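Thanks for coming, everyone. I have one model to walk through today. Take a look at the screen.

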Amino acid sequence: MPAPDLQSIDAAQMDYVLDLRTVLKAVLKWSWIAVIFTLIGVVYGTLETAKFVPEYTAKIVIAPQSPKGNTAGSLQPARGNGLTTTLLTALGNPGAESGGMFGRLRFAFKSQQLARRLDEQYSLSQEIFAGRWDVEKGVWKTAVSVEPTFFEQLDIYLHQDQANILGTEALAMAVGGMVKFEPIKKTQFWEISVSHTDRDTALRRLKIIFSAADQLLRQQDREKMLEQIAFLRTRTEKSDLAGFRAAIFGALIQQEKNLHMIDSDLIYSADIVEPAFASEMKSKPNLMKTILVPAVGGGFVGLVLVLLVSVFLRE
């Protein structure tokens with residue numbers, strides 16, 4: 001068997017060796033491509049920053065309640081004999097249901113029950129979707145049939161054309177997107193906020209939405225507690241065992257006390273750490289995100305293209 005030609009093998013392998021000096025020269029030669037893409041990123045980021053609309057933010061700081069508790073220490077623990085305690089535990093604390101009061105509060109802000117309440121009490125949908133409300137006739141304006149744009153046709157084709165449907169569900173989605181929950185670092189507190197271009201509007205919306213959500217949870221728990229009280233009264237009348245009847249009566253008294261606490265004027269769903277207020281300073285864009293990130297992204301894309309061009313010319 002003849003020995004392989006080492007010189008021919010080395011020559012063949014050299015064809016696949018990428019000379020870094022050659023690549024570096026090509027990169028320097030075509031670096032203007034990366035510069036152009038970087039400038040495009042800067043221009044795009046600047047234009048997007050210019051579109052930013054400064055807003056005022058209204059905030060309220062709360063301390064979530066323990067899943068075992070309720071209103072600011074309101075619902076009292078069970079007292080009495082062991083059977084009474086067992087009965088109260090079986091009935092459950094309305095404010096300590098799955099997820100705890102805080103979980104229920106967060107869900108309430110995007111619920112249709114809250115949206116319906118806000119519409120009935122404050123006509124909030126007419127305010128949020130003011131452009132679609134006919135003040136003179138008191139009805140929603142009918143969408144004008146015009147030739148749809150390319151993007152509107154694309155939405156129709158992709159079954160995304162739901163923006164014109166107004167109602168309770170649309171208001172619930174709007175309120176859920178408007179209200180922001182943010183944990184405060186190094187504390188157990190949470191900040192609930194609403195932003196708007198008008199400072200008074202932001203504060204008013206935060207107050208009415210939080211108040212309506214609080215009243216919704218209060219009403220739900222009150223109705224459940226009334227059902228429990230009615231059940232205990234029925235069992236008291238029907239029970240023949242003196243000891244069991246006394247235990248039911250003790251549970252009934254405890255639930256009556258808790259019902260009085262639910263009907264108090266205290267905030268029901270959370271402990272207020274800082275009452276609602278509106279910041280005097282407007283929000284501002286984060287230039288690191290709006291300009292620097294597009295610029296770096298554009299420069300990276302440009303650099304990749306330069307490397308591809310360099311390798312292509314090398315081949």
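Start just after helix 6, at Ser123, which takes a positive phi of about 50 degrees. Helices here are DSSP runs of H or I with at least four residues, strands are E runs of at least two, and both are numbered from the N terminus.

Ground rules next. This is a predicted model, where local features need pLDDT of at least 70, side-chain atom pairs count only at pLDDT 80 or more, and totals for chains, interfaces and linings use all residues. Residues are numbered from 1 along each chain as its sequence is written, and side-chain values use heavy atoms, with hydrogens and water left out.

Back to helix 6, residues 112-122. Leu114, Ala115, Arg117 and Leu118 are buried there. They sit on the same side of helix 6, because they cover an arc of only 165 degrees around the axis. That arc is taken from the directions from the helix axis to the C-beta atoms. Buried means under 20% relative accessible area, exposed means over 50%, and partly exposed is in between, with a 1.4 Å probe and protein chains only.

On to helix 7, residues 124-128, which holds Ser125. Is Ser125 buried or exposed? Ser125 counts as buried, because its relative accessibility is 6%. Its side chain makes a polar contact of 2.6 Å with the side chain of Asp119. A polar contact is a pair of N or O atoms within 3.5 Å; within protein, one must be able to donate a hydrogen and the other to accept it, and residues adjacent in sequence count only if both atoms are side-chain atoms.

Thr201 is in helix 10. Thr201 is buried too, at 16% relative accessible area. Its side chain has a polar contact of 2.8 Å with that of Asp198. Leaving out residues up to four places away in sequence, Thr201 touches Glu127 and His196. Contact means heavy atoms within 4.5 Å.

Now the core. A nonpolar core is a set of buried Ala, Val, Leu, Ile, Met, Phe, Trp, Tyr and Cys residues joined through side-chain atoms within 4.5 Å. The largest one has 41 residues, and Leu114 and Ile192 are among those with the most contacts inside it. Elements supplying at least two residues each include strand 1 (56-63), helix 6 and helix 10 (199-238). Which helix gives the most to this core? Helix 10 does, with 12 residues. As background, nonpolar side chains tend to be buried together in soluble globular proteins.

Look at Ile192. Beyond four places in sequence, its contacts include Ile62, Phe109, Val179 and Phe210.

Val306 is in helix 12, residues 287-314. Val306 is buried, at 1% relative accessible area. Val306 and Leu28 are 278 residues apart in sequence, yet 9.0 Å apart in space, C-alpha to C-alpha. Past its neighbours within four places, Val306 is in contact with Val27, Trp30, Ser31, Ile33 and Ala34.

Whole chain, quickly. The secondary structure comes to 12 helices and six strands. Of the 315 residues, 30% count as buried. Among contacts between residues at least 6 apart in sequence, 81% join residues at least 24 apart.

Last, confidence. pLDDT is the predictor's confidence in each residue, from 0 to 100. The chain averages 78, and 72% of the residues score at least 70. Over residues 67-74 the pLDDT is below 50, and this stretch has 21 contacts in the model beyond near neighbours in sequence. Residues 76-80 also stay under 50, with eight contacts beyond four places in sequence.
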